[in-house]
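Please consult the sequence and the structure shown here.

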Amino acid sequence: MANLWGRLSHIGVDEGMDFQLQHRVILSNRLGAIISSMIIVFMIIFSFRENTNFLLMFTILAFTLGILILNSFKLHSISRLLVSIIPALGVLWINLSTKLSQPENIEIVHYVSPRMFIASSLVLPFTLFSTREKVMLGIGLASIIAVVLLYDPIHEMLGVGYEQLNIASEKYGVVYEDMFLVIVMLLSSSVFLFNLNNLYEKENLSLLEEANAKNQDALKSEEELKKTLKEVEIARAEDEKRNWSTKGLADLASLLQSKIDREQLYDKLISYIVNYLSINQGGLYIINDEDEDAITIDLVSSYAYNRKKYVSNSYEAGQGLIGQTYLEGETIHLKEVPQGYISITSGLGEATPSNVIIVPLKVNEKTEGILELASFKPFETYHIEFLEKAGESIASSISTNKVTARTESLLSSSQQMTEEMRAQEEEMRQNMEELSATQEEMARKEKEYIARIQELEAQLGVVE
């Protein structure tokens, strides 16, 4: 019941309405509901009597229910005007119907009391309207005063005036004068109270405006605080991203400086990147440009689902997305991966990832390798920025490893050539020694031949 009364009272009331207007609309709803309830009760009571004017009661009931309907359509001024004049019109109508149906039972109290009740309803417009609503206030007061002033002419016109009802004029004259005195006192009191209420309303309005201003300041401060907190949250999130990126780059730099062989280094690099980004799969490709006419992009290490798996794979420049990334030198981010392009294998089976990113590993505008990563989760912008920065360090390491490999190859070749030259030098030395011994033997034999020849020549000379 209380819930129904509350709903009836707040018909047409919005939170954005002025507080005073809310109060008056609620009051008009309650008066309308009370009058409607009283009419219904009277209709039930008088239903057992003859000559009951049900048309009158239905009309008043319709008007009072119309008050609630007008408020529901936001016609608050009209509904309050009806509330202020319906009691006067309703009492007049009921009074006339009673006099017309039972004129013989009417005495002066029955003639005057309704008029006094109508006059007392002059307080309703002062209650339902403020000084800012002068037009509606004036219409309400004028309507009730008109009913009071036209009370006698209406009765006389219908043949139920006080003289026609044989009410003594002397008695009525005294009551008539008293009635006007009551009306004047009532109006004076209403105007005084109305003005006093108006002062309170102005003071309340001033306090309300001050409260609204403070509330607006509070709301503004709250919005600024929310904005500041949001900015702090954004800054904190950005700091976390920067710290995450800084830590990852530092860990990679430490890993790149570790004294391990190239194959193990590449395995650790791809393993760290996949786990640090909490993704599913990755592959590291190195550019093989020893033969500039036949450049290949070779997969040197891959990592998937916490277990390393080697896949023999190689691309030519421009072949597939890997080869295209090498030629263009730009990161490729696939958010819709073609079916069958790549699959992620787990204990539950195989599935196509939703995101693939291919990052060129560049240093001094030269691509030294390619990083291919696959994930079921999207790659954020700071992930991509981290990979591109990390790519510079990895590319520098790859370049250094290539130079080191070439240097080691050249050094090995140089050492081999040195050994070969030493062997040849030893062989030449041995040949020289053998040649020297041969020369000495030939010189000795030559001396022997010369001595023999001389000996033979001497013998021939003796014979001659």
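Is Tyr382 buried, partly exposed or exposed? Tyr382 is partly exposed, with a relative accessible area of 25%; buried means under 20%, exposed over 50% and partly exposed in between, with a 1.4 Å probe and protein chains only. The model is predicted, with local features requiring pLDDT of at least 70 and side-chain atom pairs pLDDT 80 or more, while totals for chains, interfaces and linings use all residues. Residues are numbered from 1 along each chain as its sequence is written, and side-chain values use heavy atoms, leaving out hydrogens and water.

**Aromatic pairs**

The whole structure holds six aromatic pairs (ring centres of Phe, Tyr and Trp, the last by its six-membered ring, within 6.5 Å; planes under 30 degrees apart are stacked, over 60 edge-to-face, the rest tilted). Two of the pairs are tabulated.

| Pair | Centre distance | Plane angle | Class |
|---|---|---|---|
| Trp244 and Tyr382 | 5.4 Å | 85° | edge-to-face |
| Tyr272 and Tyr276 | 5.2 Å | 15° | stacked |

Trp244 belongs to helix α9 (residues 169-256) and Tyr382 to helix α12 (residues 381-463), so their pair ties together parts 138 residues apart in sequence. Helices are DSSP runs of H or I with at least four residues, numbered from the N terminus. Tyr272 and Tyr276 both lie in helix α10 (residues 262-276), four residues apart. Tyr276 counts as buried at 16% relative accessibility. Ring pairs link Trp244, Tyr272, Tyr276, Tyr382 and Phe386 into a cluster.

**Helix α7**

The buried residues of α7 include Met136, Leu141 and Val148. Seen down the helix axis, the buried residues of α7 fall within an arc of 130°, so they line one face; the arc is that of the directions from the axis to the C-beta atoms. The face turned away from this buried side carries the exposed residues Lys134 and Val135.

Conventions. Helices (H or I, at least four residues) and strands (E, at least two) are DSSP runs, numbered from the N terminus.
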